[in-house]
Amino acid sequence: MTVGEAWVWLAVAVGLPVAALLLVLVAGRLAGGLHMTTRVFAAVHSLTLGVGSTAIVGAAYQMSSALLGARLWGERVIPWQLGIYLAGTGSLVAGFWYGSLVLLAWGGSLVTAAAWVYVAIMLRTAGRLRRRTGPTGSRQGRPQWVHALAMALATVNFGLVTTWGLVLALSMRYPLWPGLWAGHRGLVVHLALGLGGWFALMVVGVSYRLVPIVHGARIASQPRGVAVVALVTGAVLLAVAGALGRCGWALRLAAALIAPAGALYVWELARLLQHRRRRAPDLNVSHWWAVMGYTLVLATMGLGWAAGLVGPEHGERLGVLAAALFLAGWVVQAILGQLYKVTPFLMWYYRAFIPDVLQISRLPDLYAPRPGRLAFWLTNAGVVLMEYGIARADGGWATAGAVLLAAGCGLVAWKLGYSWLPGVVAGRLPFRWRRREGASG
Ligand code: HEM
């Protein structure tokens, strides 16, 4: 196992069950309109930092060597960075959960420092690659503008959202900027940078590189992809400017831009999957369809709010619905779907159960094991039910949905995170640490 794999393992085997459990505990509060409470913040950050960001950082370290052929700059600091990031995330989540501003400030500082180390490593590595292969960063000489642009912007946004989160946390203790709390201005900036700038751009960027590779199809239109990235970036900038400048039209325009961005993105993804080379059952494809479905629902919500179809009395509930759908649905489905694809090349699960790694790509239904399908339906049914509970302000339904979601996440955590351990313990499966990222095989 490499350090990159260790990041992903921690996200799947530790972060996912913990976040799912906390979500079960706070789902009732979400439905009851109590989303601005520290316990909910703890659950949210166990998901955003403990699962989403941990998995993305680990996969980026692991994949950048494998996909780009570039050795990571500053590889030696990564184990230290992992330690700092884990300590920070644990302290931040505990700080929220127990209402301790000291733990929160320490945790936020460590996470922010680790995030900027990630930004430095990725941007320096991209710089190396660019010098070696030309402006597009592709060894094959094909343009990878969407991938490169979206990844670069997302990476910088990771540094920005954690820094802004730290500013918010410090403002809770020291009133640095009292106006920050009026009308949730500070929170809107944080959400725009985190959900739009970091997660959405990262998933778009990764999908433009990974989906064509693993499904053997070509991107139909790079300009369409650039438009998606520009629209999401525009929405993030408008939301930040609108919140800080108290400008209602900028916020509405930001929400409206989600619709064309989402429609163009779904158009490209659907086309790519329809042209995929193999028709064997594939969980990765199912997860992308779920992501597409959630994208369209989120786009409709954004458009509805921008057009003034939702009265001010329902605006905040719609915001909670959208954020919960995005984090528990969109982000979780995008990440789980990729785990089934990247594991064969990189990780433990398939090595444990399929001894001949070269056989992997020839297996007919490799990517649709039954527990994975069950987890797919459990997680999606859970999200739908939870949304229903939040929309109806019914804590029972919201909690029932969170329980289903947690069951699906627990199944994935067991399958990908732990089911290989008995083989290692019994000595049937060799386990060793490798220093170099991406030196798979
Ligand atoms: C990937 C990084 C992050 C993401 C995606 C993220 C996301 C979020 C979300 C979705 C909320 C709203 C929760 C709700 O309304 O129930 C929130 C609130 C908050 N986050 Fe983060 N967060 C991130 C990192 C951080 C960090 C590193 C800190 C530092 C301590 C932090 C501090 C806060 C604070 C203080 C709030 C409450 C703000 C308020 O009361 O208005 N966040 N975050």
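Among contacts in the chain between residues at least 6 apart in sequence, 77% join residues at least 24 apart; two residues are in contact if their C-beta atoms, placed from the backbone, lie within 7 Å. This is a predicted model, in which local features need pLDDT of at least 70 and side-chain atom pairs count only at pLDDT 80 or more, whereas totals for chains, interfaces and linings use all residues. Residues are numbered from 1 along each chain as its sequence is written.

**Overall architecture**

The secondary structure of the chain consists of 14 helices and zero strands. Helices (H or I, at least four residues) and strands (E, at least two) are DSSP runs, numbered from the N terminus. Of the 441 residues of the chain, 50% count as buried. A residue is buried if 20 or more other C-beta atoms lie within 10 Å of its own, exposed if 12 or fewer, and partly exposed in between, with C-beta atoms placed from the backbone.

**Helix contacts**

Axes are lines fitted to C-alpha atoms, for helices over the stretch in contact, and angles run from 0 to 180 degrees between N-to-C directions.

| Helix pair | Axis approach | Crossing angle |
|---|---|---|
| Helix 8 and helix 9 (residues 283-306) | within 8 Å | roughly 155° |
| Helix 1 (residues 3-31) and helix 13 (residues 395-418) | within 8 Å | roughly 175° |
| Helix 1 and helix 12 (residues 370-391) | within 8 Å | roughly 35° |

The axes of helix 8 and helix 9 cross at roughly 155°, and the two helices are therefore roughly antiparallel to each other. Angles under 35 degrees count as roughly parallel, over 145 as roughly antiparallel, 65 to 115 as roughly perpendicular and the rest as oblique. Helix 8 passes helix 9 in a left-handed crossing; a crossing is left-handed if the near helix is turned anticlockwise from the far one by less than a right angle, and right-handed if clockwise. Among the residues making this contact are Arg-252, Gly-262, Tyr-265 and Leu-273 of helix 8, together with Trp-288, Thr-295, Gly-302 and Trp-305 of helix 9. By class, the contact of helix 8 with helix 9 has 19 nonpolar, three polar and one charged residues. Here Ala, Val, Leu, Ile, Met, Phe, Trp, Tyr, Cys and Pro count as nonpolar, Asp, Glu, Lys and Arg as charged, and the others, Gly among them, as polar.

Helix 1 takes part in the other two pairs. With a crossing angle of roughly 175°, helix 1 and helix 13 are therefore roughly antiparallel to each other. Their contact has 22 nonpolar, six polar and no charged residues. The crossing of helix 1 and helix 12 is right-handed. In this pair, Ala-27, Leu-30 and Ala-31 of helix 1 meet Met-386, Gly-389 and Ile-390 of helix 12. The residues of that contact divide into five nonpolar, one polar and no charged.

**The ligand shell**

Around the ligand there are 28 residues, of which Thr-48, Gly-108, Gly-165, Leu-187 and Gly-194 come nearest; a residue is near a molecule if its C-beta atom, placed from the backbone, lies within 6 Å of it. At least two shell residues each are supplied by helix 2 (38-68), helix 4 (101-133), helix 5 (145-173) and helix 6 (185-215). Helix 2 gives the most, with seven residues. By class, the shell has 16 nonpolar, twelve polar and no charged residues.

**Individual residues**

Leu-187, one of the residues that come nearest to the ligand, belongs to helix 6. Leu-187 is partly exposed, with 16 other C-beta atoms within 10 Å. Its C-alpha atom is separated by 8.8 Å from that of Ala-243, 56 residues apart along the chain.

Thr-38 has its place in helix 2 and counts as partly exposed, with 15 C-beta neighbours inside 10 Å. Leaving aside neighbours within four places in sequence, Thr-38 is in contact with Phe-96, Trp-97 and Gly-99. The C-alpha atoms of Thr-38 and Tyr-98, 60 residues apart along the chain, are separated by 7.9 Å.

His-184 lies in the loop between helix 5 and helix 6 and is partly exposed, with 15 other C-beta atoms within 10 Å. Arg-246 lies in the loop between helix 7 (222-244) and helix 8 (248-274). Arg-246 counts as exposed because there are 12 C-beta neighbours inside 10 Å.
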